[in-house]
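Please look over the model shown below before reading on. The report that follows takes up its fold, its surface, its nonpolar core and one loop.

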Amino acid sequence: QTDAPILFGTDAWIEHLKDKPIPVRASSVQRLRIMLSKGSTMLHHLSALVRSDPVLCLHVVRAAEKLHADKPSYVTSIDHAVQSLGIDPLTALARSLTPIKLNPASVQQKQYLRTVANSHHAAFQAKTWMKMKRLPFVEEVYLASLFYSIGLWMLWLHAPLHMHKVQIKIR
């Protein structure tokens, strides 16, 4: 396919990817919307759902960080992000999310989801190690580890041909 853009350098790639959507699994979006529609849903229930989906977590943390931007503070955990937002902003966020319906035949989606899963696994390992060592800032390390490879998420999702070429060169 020759319609793929030719981009040189990180600045060009950042410019190309910065406004691209990062879709959330449709099942996660649906569960979030259902939970938010119930009057009995508590924030800690929402935290558990957000924690289970790294891309949903990214959207929630980004929304919470926007609230903290004008303050001398930042989001320190998933629970903190959910509590900072509250029900109404989370409902608005849920309406704005782009869902992705899983297509088992799509190599692009498989690689995107594999990369997200690798990030989730790495974050879990980092969190477990921090707890075992009884080190501080466990949740901050978890979030940093989870989002460390977001560039790869974006590249597999929005530039799969380029990533395929990179993968071939690595092998």
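## Terms and overall fold

Helices, of at least four residues, and strands, of at least two, are DSSP runs that are numbered from the N terminus. The model is a predicted one, and on these terms its protein chain has ten helices and two strands. Read from the N terminus, the elements follow one another in the order α-β-α-α-α-α-α-β-α-α-α-α.

Taken along the principal axes, the box filled by the C-alpha atoms comes to roughly 50 × 40 × 35 Å. Among the contacts in the protein chain with a separation of 6 or more, 64% are made by residues 24 or more positions apart.

## Surface and charge

The protein chain has an accessible surface of about 10700 Å², and carbon and sulfur atoms account for 60% of that area. Of its 171 residues, 36% count as buried.

The charged side chains number 21 positive and 11 negative, and the centres of these two sets lie 10 Å apart.

In soluble globular proteins, nonpolar side chains tend to be buried together. In this model the largest nonpolar core has 41 residues, and those with the most contacts inside it are L32, L56, C57, V60, L90, Y112 and F147. Helix α4, which spans residues 54-68, supplies the largest share of this core, namely seven residues.

Which residues does L32 contact, once its neighbours within four places in sequence are left aside? They are L46, L49, L56, A94 and L97; of these, L56 is also listed with L32 among the residues with the most contacts inside the core.

## The loop between α7 and α8

Two residues with a positive phi, neither of them a glycine, deserve a look in the loop that joins these helices. R134 is found between α7 (107-132) and α8 (138-147), and its phi is positive at about 55° although the residue is not a glycine. Because its relative accessibility is 78%, and exposed means over 50%, R134 counts as exposed.

F137 is found in the loop between α7 and α8 as well, with a positive phi of about 65° although this residue, too, is not a glycine. Is the side of the chain at F137 buried or exposed? With a relative accessible area of 56%, F137 is exposed.

Methods: Residues numbered from 1 in each chain as written. Predicted model: local features only at pLDDT ≥ 70, side-chain atom pairs only at ≥ 80, totals over all residues. Heavy atoms only, no water. Buried < 20%, exposed > 50% of the residue type's maximum accessible area, 1.4 Å probe, protein only. Contact = heavy atoms within 4.5 Å. Areas by Shrake-Rupley, 256 points an atom, 1.4 Å probe, with all protein chains shown as cover. Lys, Arg positive; Asp, Glu negative; His and termini not counted. Charge placed at Lys NZ, Arg CZ, Asp CG, Glu CD. Core = buried A, V, L, I, M, F, W, Y, C linked by side-chain atoms within 4.5 Å.
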